[in-house]
Amino acid sequence: MTTQSLEAKAKALNDELEALDLAGRLARVAGLDGRAVFTTSLGIEDQVITAAIGSNRLDIDVVTLETGRLFNETVALIDETEETYGIVIKRLHPAKADVDAYVAQYGMNGFYDSVDARHACCGVRKLKPLARALEGTSYWVTGLRRGQSGNRATTPFAEADLERGLIKINPLADWDIETIRAHVATEAIPVNPLHSRGYPSIGCEPCTRAIKPGEPERAGRWWWENDEKRECGLHVAEATSSIIPNASGAA
Ligand code: SF4
């Protein structure tokens, strides 16, 4: 598909999804030609999407990046979620040779030493497995929300990812955190117990801390870095559509 047609398709889909509720958005994507993949980090938003996919038996593959540095609570939640919804969450691990090479060059926790070293770790443990997860995929479903950070304030429902040659779907783009929490409580959706201990956004254990009252939701991610727009590279601004105004990057 050409860049222009991918952008036009994303724009049309974005307008269509805006009028639908969450289940309708996901069902629409599941019904399109082409493989749809949802990448979950088991965060509260992702659990809402997984519940909708599992409860409605939608034809969307659910995968997670098992980086090898996750919290025990996150790993346990993968199993619990599979059991709750009778689904399989495909775990994608980093290649051992890549991890060994990283550790040899930077050390196991070298990501604290520089932004480059941190990006290299995310590249090995997240980006390369993500590329495998998205091979042959037409629609990539994510849990991005506009309220998660200023960096994500203009997240559309559908956007062309020109770098990966697919359309990224953000069915919770317009949900706020209060709506998410209420939905989780009403539907009894299992969530990570760390959320109630001050972790609104949960990534790898060594790179996530609890936030203080009043801090932005993602302040606990890579907290030692100064760049307010820090992300892991899963969602990059350069790859988004120029047709959808202010399409934002995310993670
Ligand atoms: S979040 Fe931290 S541990 Fe996880 S891949 Fe990135 S740098 Fe490595």
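This is a predicted model: local features need pLDDT of at least 70, side-chain atom pairs count only at pLDDT 80 or more; totals for chains, interfaces and linings use all residues.
Biologist: Is Val99 buried, exposed or partly exposed?

Modeller: Val99 is found in helix H5, where a helix is a DSSP run of H or I of at least four residues and a strand a run of E of at least two, both numbered from the N terminus. A residue is buried with 20 or more other C-beta atoms (placed from the backbone) within 10 Å of its own, exposed with 12 or fewer, and partly exposed in between. Val99 has 18 such neighbours, so it counts as partly exposed.

Biologist: How are H5 and H6 oriented to each other?

Modeller: The axes of H5 (residues 96-106) and H6 (residues 115-133) come within 10 Å and cross at roughly 170 degrees. Axes are lines fitted to C-alpha atoms, for helices over the stretch in contact, and angles run from 0 to 180 degrees between N-to-C directions. Angles under 35 degrees count as roughly parallel, over 145 as roughly antiparallel, 65 to 115 as roughly perpendicular and the rest as oblique. H5 and H6 are therefore roughly antiparallel.

Biologist: Which residues of H6 make the contact with H5?

Modeller: On the H5 side, Asp98, Val99, Tyr102 and Tyr106 take part. The H6 side consists of Ala117, Ala120, Cys121, Val124 and Lys128.

Biologist: What separates the C-alpha atoms of Val99 and Cys121?

Modeller: Along the chain, Val99 and Cys121 are 22 residues apart. Their C-alpha atoms are separated by 8.1 Å.

Biologist: Which residues come nearest to the ligand?

Modeller: A residue is near a molecule or strand if its C-beta atom, placed from the backbone, lies within 6 Å of it. There are 13 residues around the ligand. Those that come nearest are Cys121, Cys122, Arg125, Cys204 and Cys207.

Biologist: Is Leu42 buried or exposed?

Modeller: Leu42 is found in the loop between S1 and H3, and has a positive phi of about 70 degrees although it is not a glycine. Most residues other than glycine have a negative phi. With 25 C-beta neighbours inside 10 Å, Leu42 counts as buried.

Notes: Residues are numbered from 1 along each chain as its sequence is written. Two residues are in contact if their C-beta atoms, placed from the backbone, lie within 7 Å.
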